[in-house]
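The entries follow in the order in which I worked.

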Amino acid sequence: MASDKDWRFYVANIAATALLVNGISYLARGSKSKDKSEGEEEKASCPFSCKGLFQEHDFATACGVVSVAGAVCMQDRLPYAGAAGALASVLPFAHSETRSSACPLTTAVSLAACGYLFYSKSGRF
């Protein structure tokens with residue numbers, strides 16, 4: 001059975017995987033950074049609660065959401081998913097809170113794959 005998948009299909013899956021790894025690690029890091037007081041019981045809450053106009057969220061959580069959204073765009077093969085993924089790859093380097101904890105390997109893989117997908121699209125340039 002012949003496969004009609006080209007290189008762009010495989011590169012998109014690699015980019016989505018790298019973005020998911022980055023996004024999940026940022027989301028986990030953001031939830032761990034919220035220290036609970038001693039003796040205070042941990043409460044289950046919505047990760048997107050509007051309490052105090054998003055005071056509970058930090059930049060790591062925002063980077064995680066953008067990375068996971070970019071990965072979903074890659075999987076669904078949406079237009080300009082390469083540009084969205086590239087933005088999600090470099091976003092953690094824009095803030096000192098996440099700059100030191102960003103993984104250079106997965107960031108480089110996702111940025112290279114997203115750049116390839118964006119520039120190799122036929123008819124774009």
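The model is a predicted one.

**Entry 1: tyrosine 80.** I looked up tyrosine 80 and found a relative accessible area of 54%, so tyrosine 80 counts as exposed. I then searched for aromatic pairs and got three in the structure. One of them joins tyrosine 80 to phenylalanine 118, with the ring centres 6.3 Å apart and 45 degrees between the planes, which is a tilted arrangement. Tyrosine 80 sits in the loop between helix H2 (59–76) and H3, while phenylalanine 118 sits in helix H5, so the pair ties together parts that are 38 residues apart in sequence. I also noted that Tyr80, Phe118 and Tyr119 form one aromatic cluster.

**Entry 2: another pair.** Phenylalanine 9 and tyrosine 10 also pair, edge-to-face, at 5.2 Å centre to centre and 80 degrees between the planes. Are these two residues buried, exposed or partly exposed? Phenylalanine 9 has 27% relative accessibility and counts as partly exposed. Tyrosine 10, at 40%, is partly exposed as well.

**Entry 3: the fold.** I listed the secondary structure and got five helices and zero strands. Read from the N terminus, the order is α-α-α-α-α. The protein has 125 residues, and 29% of them are buried. For contacts with a separation of 6 or more, I found that 76% join residues 24 or more positions apart.

**Entry 4: alanine 16.** I picked alanine 16, which is in helix H1. Its relative accessible area is 0%, so alanine 16 is buried. Which residues touch alanine 16, leaving aside neighbours within four places in sequence? The contacts are Ala71, Met74 and Gln75. I also took the C-alpha to C-alpha distance from alanine 16 to serine 110, and this is 7.5 Å for two residues 94 apart in sequence.

Entry 5: I asked which residues of H3 are buried. They are Ala81, Gly82, Gly85, Ala88 and Ser89. Viewed down the axis of H3, these buried residues fall within an arc of 125 degrees, so they line one face of the helix. Glycine 115 is found in helix H5, and with a relative accessible area of 22% glycine 115 is partly exposed.

Entry 6: I turned to the second largest pocket, which holds about 260 Å³ of space. Its lining has 16 residues, and those nearest the centre are Arg8, Arg77, Leu78, Pro79 and Lys121. Helix H1 (7–32), helix H3 (81–90) and helix H5 (104–119) are the elements that give two or more residues to this lining. Which element gives the most? H3 does, with three residues. I sorted the lining of the second largest pocket by type and got nine nonpolar, three polar and four charged residues.

Key: Residues numbered from 1 in each chain as written. Predicted model: local features only at pLDDT ≥ 70, side-chain atom pairs only at ≥ 80, totals over all residues. Heavy atoms only, no water. 1 Å grid on protein atoms, 1.4 Å probe; cavity = no way out; pocket = protein on both sides within 12 Å on 5 of 7 lines; lining within 4 Å. Points joined across faces, edges and corners; volume = space filled by probe spheres on them. Helix = DSSP H or I, 4+ residues; strand = E, 2+ residues; numbered from the N terminus. Nonpolar A, V, L, I, M, F, W, Y, C, P; charged D, E, K, R; others polar. Buried < 20%, exposed > 50% of the residue type's maximum accessible area, 1.4 Å probe, protein only. Arc of directions from axis to C-beta. Phe/Tyr/Trp six-rings, centres within 6.5 Å; stacked < 30°, edge-to-face > 60°. Contact = heavy atoms within 4.5 Å.
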